[in-house]
Amino acid sequence: MNALKPRPGILEIEPYKPGESDVAGVARVIKLSSNESPLGPSPRAIAALQASAKEQHLYPDGTCAAIRTALGRHHGLDPARIVCGAGSDELISLIARAYAGPGDEVLYSEYGFLMYPISTHGVGATPVAAAEKGLKTDVDALLAKLGKRTRIVFLANPNNPTGSYLAKDEVARLVAGLPRDVLLVIDAAYAEYVARNDYSAGAELVTAHDNVVMTRTFSKIYGLAGLRFGWAYCPPAVADALNRLRNPFNVTALAQTAALAALDDIAHVDAARTSNDIWLPWVTAELERIGLAVAPSVGNFVLVRFPEGKRNADAANDFLARHGIIPRKMGAYKLPHSLRITVGTEEDMRFLVSTLAEFMGA
Ligand SMILES: Cc1ncc(COP(=O)(O)O)c(C=O)c1O
């Protein structure tokens, strides 16, 4: 028997399974499994990456000063309160490490992003899920689960994989109900896609409270998932804790360079948003037309529920795969009757709909 044992909690982690990227025997695949941008990276980011390739023998700026200054200017935030990470995933785990440990509880919503329970187990704390209502975070259910041991509440807004969001007064109500020693993390990975006037990514709540953090990413609308760049806007004491804990060079020079260029490429972000604004409602309506149930989404993906029986989600997944389309299976989220599908290009969406229509016999 092996005498070596990882710390409590580690073996309870259900390893995160990323979206698949290939299908055996299919040359051109349409990857709709990870909510990546169908437009790719900004051409300005590509040029900046190429130009900086020859400087990669140098360590990056461990403080991410240039990109923090640019993010501060872009969003009207204090750069001193921004902490950068290798994707927002890294920030989620750093926050868990900084604020929770064995004996503590970390709260999130039933269908919340999988990295919350993973990071919680990773620090030996106990994940606690609050039931959702109609695939949407229920603030009252979250507040009802608060206990003496609760240290962190993770809220994805909008949420992945459901696509639903909480209006800003609901998030404010959640903050108002939290003890001041419980940290609320508002994970706004998909904020740039949301076109609702009652939505806010949460920066103003961070400014007003010393127990609220907002995390953001360049993996979605900015099209830089491969480089791993995310950032958190924090109360000063939280920024201080994360800066002590993070690795000194946690964000590569290439990620900083590309994020800086991508942030300035307003036209590219606008194009990604415009494309999503067209194809999200289109694909939602078309899938409903062929008899599928689509959860209303404000992100760049849809959660599609399949019937039971021979046209179930697993069969749909296999059928799509045979046609080179890769959606995301939802078993890990305990939504086995659904598939999550990223909103892609016009060509991809038309092919998706015609393939699913064939599958449904429509
Ligand atoms: C809600 C949510 N938060 C965070 C992330 C992590 O993104 P990244 O680590 O690439 O910044 C994702 C990625 O799918 C997500 O869906």
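How much space lies in the largest cavity? About 50 Å³. That is my way into this structure, which is a predicted model. Today I'll cover the cavities, then the pockets, then the ligand.

Cavities, then. A search of the whole structure turns up two of them at 30 Å³ or more. Take the largest cavity. Its lining is made up of S37, P38, L39, Y193, A272, S275, N276, N300, V343 and G344. Look at the classes there. Five of those lining residues are nonpolar, five are polar, and none is charged.

On to the second largest cavity. The space in it is about 40 Å³. Around it you'll find Y108, S109, G112, Y116, T137, F154, L155, A156 and N159. Which elements give two or more residues to this lining? They are β3, residues 105–109, and β5, residues 150–156. Strand β5 gives the most, with three residues. By class, this lining has five nonpolar residues and four polar ones.

The largest pocket holds about 850 Å³ of space. It has 32 lining residues. Closest to the centre of this pocket are L114, K329, G331, A332 and Y333. Three elements each supply at least two residues of the lining: α4 at 115–122, α11 at 313–322 and β12 at 328–329. The largest share comes from α4, with three residues. And the classes? The lining of the largest pocket has 17 nonpolar, six polar and nine charged residues.

Next, the second largest pocket. Its volume is about 470 Å³. The lining has 25 residues. Nearest the centre of this pocket lie Y16, S34, D89, F113 and K220. Helix α3 gives the largest share of the lining, four residues. By class, the lining of the second largest pocket splits into nine nonpolar, eight polar and eight charged.

Which pocket is the space taken by the ligand? It is the second largest pocket. So let's turn to the ligand itself.

Here is the shell around the ligand.

Now some distances, all involving oxygen atoms of the ligand. A ligand oxygen is 2.9 Å from a polar backbone atom of D89. Next, two side chains. In N160, a side-chain N or O atom lies 2.7 Å from an oxygen of the ligand. For R228, the distance from a ligand oxygen to a side-chain N or O atom is 2.7 Å.

How much of the ligand does the protein bury? Taken alone, the ligand exposes 400 Å². The protein buries 94% of that.

Let me recap. The search gave two cavities of 30 Å³ or more. The largest pocket has about 850 Å³ of space. The ligand takes up the second largest pocket. Thank you.

How values were computed. Residues are numbered from 1 along each chain as its sequence is written. This is a predicted model: local features need pLDDT of at least 70, side-chain atom pairs count only at pLDDT 80 or more; totals for chains, interfaces and linings use all residues. Side-chain values use heavy atoms; hydrogens and water are left out. A polar contact is a pair of N or O atoms within 3.5 Å; within protein, one must be able to donate a hydrogen and the other to accept it, and residues adjacent in sequence count only if both atoms are side-chain atoms. Accessible areas come from the Shrake-Rupley method with a 1.4 Å probe; for residues, only the protein chains shown count as cover. On a 1 Å grid over the protein atoms alone, a cavity is a set of points where a 1.4 Å probe fits but cannot get out, and a pocket is an open set with protein on both sides within 12 Å along at least five of seven lines; lining residues have an atom within 4 Å of a point. A molecule sits in a cavity or pocket if more than half of its atoms lie within 2 Å of its grid points. Grid points are joined across faces, edges and corners, and a volume is the space filled by probe spheres set on the points. Ala, Val, Leu, Ile, Met, Phe, Trp, Tyr, Cys and Pro count as nonpolar, Asp, Glu, Lys and Arg as charged, and the others, Gly among them, as polar.
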